[in-house]
Amino acid sequence: MKIAFLADPLDSFKVWKDSTYAMMAEADRRGHEIYAFQQKDMAMQGRRIVADVARITLTGKQSGEWFRSDGVEERELTAFDAVIKRKDPPFDMEYVYATYLCELAALQGARVFNHPDAIRNHNEKLAIAQFPQFTAPTLVCSDEGRLRIFHAEHKDIILKPLDGMGGAGVFRIKEDGLNLGSTIETLTENGARTIMAQKYIPEIALGDKRVLLIGGKVVPYALARIPQSGEVRGNLAAGGTGVAQPLSARDREIAETLAPILSGRGLLLVGLDIIGDYLTEVNVTSPTCFREITDQTGFDVAGMFMDALEKAL
């Protein structure tokens, strides 16, 4: 098969921990051809959705020159057996435009994973509202008054933007309300931007668990991303430590409920974030943690992903 990855610049990959690289390596092991391109490489020319695409060969190195390129050529997205959308957020308008182009390609027969309209329809923060039986008390608004009432009711809360990643812009406001006003003003840009408030979940000290759903099935291990001392964010990008562990009964209940629903909506790969017993995010843009789970447990996450991709095709 010919598999094209819409990703960030290849020279930015940290291949020893990168999930996209894990997918590429498994595809290569199975004899598939690998291609790569970026958002900026895409274009609509008449009815054709094309991209300047590089055929790449993996060298096996875990740093430095981990790939070789045979040069760039313009190809229609329909020329590939699969297009894997792995561009990291921010989920800005350029990202949205890329989903529109990918969706146009899909209408012409391209197989895009995750499906672009499914990505647009599942904001990674707001999607949890579709599953309220699994969520902690949550408020989404831009109004300072409502946010102050929410804090007064729950005493200890988390405030965060709706379009962030890696823990960026996440603040904890404790019962004393210190810096509540300035935090609201900053995150909402004085009421111009909508944000999310959630009741603080003390179990974050045990880790923000990433649970992967692949092809409607559940990976049996989570990666608990444990905050470093003094932090409320467990994200690996914010300095958290990743510890793989078997799913709890509650983790499995949440995951097995959502897996068939999200798969049926065109989401081949989903990363659920669970703190304690609560679902906090539904990640659909470029879920990670393949390498950490595999390295610590031996469970072949990339193999499960490629099995699901081949089955979908």
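## A first look at this protein chain

The protein chain has an accessible surface of about 13,900 Å², and 48% of that surface belongs to carbon and sulfur atoms. Keep in mind that this is a predicted model.

Let's start with the overall build. The protein chain contains eight helices and 16 strands. Its radius of gyration is 20 Å, close to the 20 Å that the globule rule gives for 313 residues, so the chain is as compact as a globular protein of that length. Along the principal axes, the C-alpha atoms fill a box of roughly 60 × 45 × 35 Å. Of the 313 residues, 51% count as buried. Among contacts with a separation of 6 or more, 67% come from residues 24 or more positions apart.

Charges come next: the chain carries 36 positive and 43 negative side chains, and the centres of the two sets lie 2 Å apart.

Now let's zoom in on the aromatic rings. Seven aromatic pairs turn up in the whole structure. One of them joins Tyr21 and Trp66 edge-to-face, with 5.4 Å centre to centre and 85 degrees between the planes. Tyr21 sits in helix H1 (residues 19-29), while Trp66 is in the loop between strand E4 (48-58) and strand E5 (67-76), so the pair ties together parts that are 45 residues apart in sequence.

Are these two partners buried or exposed? Both count as buried, being under 20% relative accessible area:

| Residue | Relative accessible area |
|---|---|
| Tyr21 | 6% |
| Trp66 | 3% |

Tyr21 and Trp66 also belong to one aromatic cluster together with Phe13 and Phe67.

Notes
Residues numbered from 1 in each chain as written. Predicted model: local features only at pLDDT ≥ 70, side-chain atom pairs only at ≥ 80, totals over all residues. Heavy atoms only, no water. Helix = DSSP H or I, 4+ residues; strand = E, 2+ residues; numbered from the N terminus. Rg over C-alpha atoms; globule rule 2.2 N^0.38 Å. Buried < 20%, exposed > 50% of the residue type's maximum accessible area, 1.4 Å probe, protein only. Contact = heavy atoms within 4.5 Å. Areas by Shrake-Rupley, 256 points an atom, 1.4 Å probe, with all protein chains shown as cover. Lys, Arg positive; Asp, Glu negative; His and termini not counted. Charge placed at Lys NZ, Arg CZ, Asp CG, Glu CD. Phe/Tyr/Trp six-rings, centres within 6.5 Å; stacked < 30°, edge-to-face > 60°.
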